[in-house]
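Please read the points with the structure in view.

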Amino acid sequence: MRATSLPISIADLRKTYGNYLALDDVTLDIAAGEFLTLLGPSGSGKTTLLMALAGFVRPETGAVTIGGQNVTRLPPNKRNIGIVFQNYALFPHMSVSRNVEYPLRLRGVPKAQARERAEAALVRVKLSGFGARDIAALSGGQRQRVALARALVFEPRVMLMDEPLSALDKILREHMQFEIRKLHDDLGVTTIYVTHDQREALTMSDRIAVMDAGRIEQIGAPQDIYRRPRNRFVADFMGEANIAPTNNLQGAGAARMPRERLAMIRAEYFELEPAGLEEDRVEVTGCLTSKAFRGENWLLNLETPMGDQFMLSLAANRAAGCSELKIGSKLRAYAEFGHVHLLEGERSS
Ligand code: ADP
Ligand code: MG
């Protein structure tokens with residue numbers, strides 16, 4: 001069971017609901033076999049884009065091409081796409097087997113063969129032997145696996161998944177992130193995955209497209225997006241971003257930076273001890289306004305005389321001294337020049 005995967009090309013897709021622009025000329029190319037995640041806050045257009053790919057939403061302008069074929073006018077059942085919906089959309093009155101066989105029966109596959117292929121798909125998602133059970137008798141995680149099996153049973157060339165793990169608890173969700181990624185790697189199917197959880201996107205994806213208000217703000221590999229966000233929106237959405245004018249940073253490293261720009265420093269790149277070359281040191285000095293021990297790290301908040309707020313995340317194994325720090329005391333924190341990222345499109349004033 002290894003389908004040939006197909007590339008997808010999305011060009012200038014626009015979709016409005018009344019006066020509301022849900023997709024603002026979205027253009028995006030996905031390579032054959034790629035795992036691409038659409039990441040963005042609620043309402044940013046992720047589901048609309050996915051449903052336009054699947055054929056359930058009809059865009060006003062633009063085109064969707066799958067494997068070189070323009071499918072923009074094709075109905076959903078002619079697109080050969082497997083979909084896992086947010087609420088699973090399983091048939092509650094049917095057994096597990098009947099649910100998984102369903103797409104095959106729709107396509108006219110004979111009963112015995114459909115049963116066999118459904119069983120193979122259930123083995124894939126580690127539910128072998130569950131075929132006769134009722135959907136109602138399954139846990140959330142098991143239902144999620146049935147939905148996965150149903151989406152891949154007809155060997156689609158493209159898989160779409162809309163927040164498939166959002167109903168699961170944290171531990172199961174993190175486990176399933178690896179399972180789904182492994183399934184993708186085994187099958188090689190081009191996959192577009194939707195989530196509003198940045199850590200999930202970082203964990204699973206070849207590339208992430210960050211969406212806001214119907215637009216793709218930035219697209220790139222997880223490390224690129226995390227380290228080099230293009231603007232404040234992406235920086236804030238991906239992890240803990242400290243953003244301050246370059247003019248307000250101190251130290252020899254800061255003196256080498258352009259003035260009047262906005263700099264981003266991730267919380268975990270700060271240290272309380274100077275390290276490395278002096279010329280590379282960027283410093284901030286402020287008052288400790290709060291601190292919290294979180295197991296793996298300490299979180300400290302500093303406020304500078306200029307009014308900038310900095311959050312520091314210090315790995316607990318290197319920050320034993322944090323227990324002694326007093327709220328209100330003055331602290332100096334250090335970051336390396338190479339870890340300070342200037343936000344391209346943003347000026348500080
Ligand atoms: P996301 O999946 O990122 O949360 P959606 O694609 O579901 O975002 O929605 C994008 C925007 O379009 C939202 O503001 C939503 O309210 C609106 N929207 C989505 N579907 C409809 C619809 N059928 N009718 C009217 N507005 C809609
Ligand atoms: Mg959605």
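1. The model is predicted: local features need pLDDT of at least 70, side-chain atom pairs count only at pLDDT 80 or more, and totals for chains, interfaces and linings use all residues. Residues are numbered from 1 along each chain as its sequence is written, chains are lettered from A and ligands numbered from 1 in the order in which they are written, and side-chain values use heavy atoms, with hydrogens and water left out.

2. On a 1 Å grid over the protein atoms alone, a cavity is a set of points where a 1.4 Å probe fits but cannot get out; a pocket is an open set with protein on both sides within 12 Å along at least five of seven lines, and lining residues have an atom within 4 Å of a point. Points are joined across faces, edges and corners, and a volume is the space filled by probe spheres set on them.

3. Two cavities of 30 Å³ or more turn up in the whole structure. The largest cavity has about 70 Å³. Among its lining residues are Leu 148, Met 161, His 184 and Thr 191. Two or more lining residues come from each of α4, β7 (158–162) and α5 (170–187), and α5 contributes the most, with four.

4. The largest pocket holds about 460 Å³ of space. It is lined by 18 residues, and those closest to its centre are Ile 81, Pro 103, Leu 106, Arg 107 and Phe 154. At least two lining residues come from each of β6 (81–84), α2 (96–106) and α4 (140–152). The lining of the largest pocket comprises 13 nonpolar, two polar and three charged residues.

5. Where does the second largest pocket lie? Domain 1 (8–235) and domain 2 (240–342), with bounds from an automatic or database domain assignment, both give residues to its lining, so this pocket lies between them. Its volume is about 370 Å³. Of its 14 lining residues, Arg 199, Glu 240, Glu 268, Arg 294 and Ser 313 lie nearest the centre. The largest share of this lining, three residues, is from α6. Five lining residues of the second largest pocket are nonpolar, four polar and five charged.

Methods:
Nonpolar A, V, L, I, M, F, W, Y, C, P; charged D, E, K, R; others polar.
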